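Welcome! Here is a short briefing to read alongside the sequence and the 3D view.

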Amino acid sequence: MKLLLMGPPGAGKGSQSERLVKDFELTSISTGQMFRESHRNEEPLGIEAMRYIERGELVADDITNEIVRKRLLKEDAERCFILDGYPRTVSQAKALDDMLAKMRSKLTAVINITVDKKAILERMVGRRVCKQCGLSYHLAFKPTRQDGICDVCGGTLYQRPDDQLESVRNRLEIYESKTQPLLAYYKGRGILREVDGMQSFDAVYQAICAVLKELT
Ligand code: AP5
Ligand code: MG
C-alpha cells in the first residue's frame, strides 16, 4: 500500500498518519517532520529549511525532492509507505511519479482530508508538539494527561513557529495557490478519494479505513 495523505495545513494529516502507521505497519514519510528533525539536529539542511518554514513558505522543490528520493530508497519504504506533506506542488508530483516509476511502483491512493477554514485556525492555534518525538496534541481536542508533557515519551511540548497567525495565513494562501491544483492532477488519474475531516479523530480514521478497504 502506497498512500498519500493530502489536505490543508492543520487538516489532521499528521494525526491520522500516526495511527495508520501503527495499525497498518506503514513507513511514515513526512517532509515537514523530516525538516523539523533536521533542524533539531542542527544540520545545515534543517537550518536552511526552517528559514522558509517559519515564514510559512515552501522549501525549494529541488531540496525537498532530494530528501524524499533518498528516503524512498531505504529498505523500509520499499513495500508500504504513507506520504504526508509531499508532494505540495505539481512539479513535486511529477518528480514523485518519476521516482516511483524508476522503482517500478506507483501510488495506490491519494486521500484528501477536507476541513473548513475556521476549524483549521482553531486546530493550528491550539496545537502543541512534542520536542522529542514529534507527536502532535491539541490544548482542547487532544490534551496531554500532564500539562505540557508528552504522554508517550515524557518530552516537553512546544508550539510550532509556523503556527503563529501570520505564518498560518501565508500557509493557507500557498496551499490554495500551489497545492490545491494537485487535487485535479490526481483526480484525473482516478486515485483521489475525499474524506470529511470535520469529524472526530476517530470518525475521520474510520472513514480513511473504509476507503482503504474499498481499495484492497
Ligand atoms: P507540514 O509539517 O507538512 O505542515 P502542514 O502541511 O502545514 O500541515 P500540518 O502539519 O500543520 O497539519 P496536519 O494536517 O498534519 O494536522 P495535524 O494532524 O497536526 O509542513 C510544514 C512546513 O514545512 C511547510 O509549511 C513548508 O514550509 C515545509 N514543507 C513541508 N513539506 C514540504 C514540501 N513538500 N515542499 C516544500 N515545503 C515543505 O492536526 C492539527 C491540529 O489539529 C493538532 O493539534 C491535532 O491534535 C488537531 N486535530 C487533528 N484532527 C482533529 C480532529 N479530527 N478533531 C479535532 N482536532 C483535530
Ligand atoms: Mg503535519
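Which kind of atom of ligand 1 does a polar side-chain atom of Arg 36 lie 2.9 Å from? It is an oxygen atom. This is a predicted model, where local features need pLDDT of at least 70 and side-chain atom pairs count only at pLDDT 80 or more, while totals for chains, interfaces and linings use all residues. Residues are numbered from 1 along each chain as its sequence is written, chains are lettered from A and ligands numbered from 1 in the order in which they are written, and side-chain values use heavy atoms, without hydrogens and water.

**Around ligand 1**
- Ligand 1 is surrounded by 33 residues (a heavy atom within 4 Å), and the closest include Glu 57 and Arg 127.
- Backbone N or O atoms also lie by oxygen atoms of ligand 1: one of Glu 57 at 2.5 Å and one of Ala 11 at 3.2 Å.
- The protein covers 96% of the 1000 Å² of accessible area that ligand 1 has on its own (Shrake-Rupley method, 1.4 Å probe).
- The largest share of the shell, four residues, comes from α2, a helix (a DSSP run of H or I, at least four residues).

**The sheet**
- Five strands (DSSP runs of E, at least two residues) form an open sheet in the order β2-β3-β1-β4-β8, with parallel pairing (at least two DSSP bridges between two strands).
- β2 (27–30) and β8 (192–196) each have a single partner strand, so one side of each lacks a neighbour in the sheet.
- β1 (residues 2–6) pairs with β3 (residues 81–84) over four bridges, and Leu 4 stands opposite Leu 83 in β3.

Notes: A polar contact is a pair of N or O atoms within 3.5 Å; within protein, one must be able to donate a hydrogen and the other to accept it, and residues adjacent in sequence count only if both atoms are side-chain atoms.
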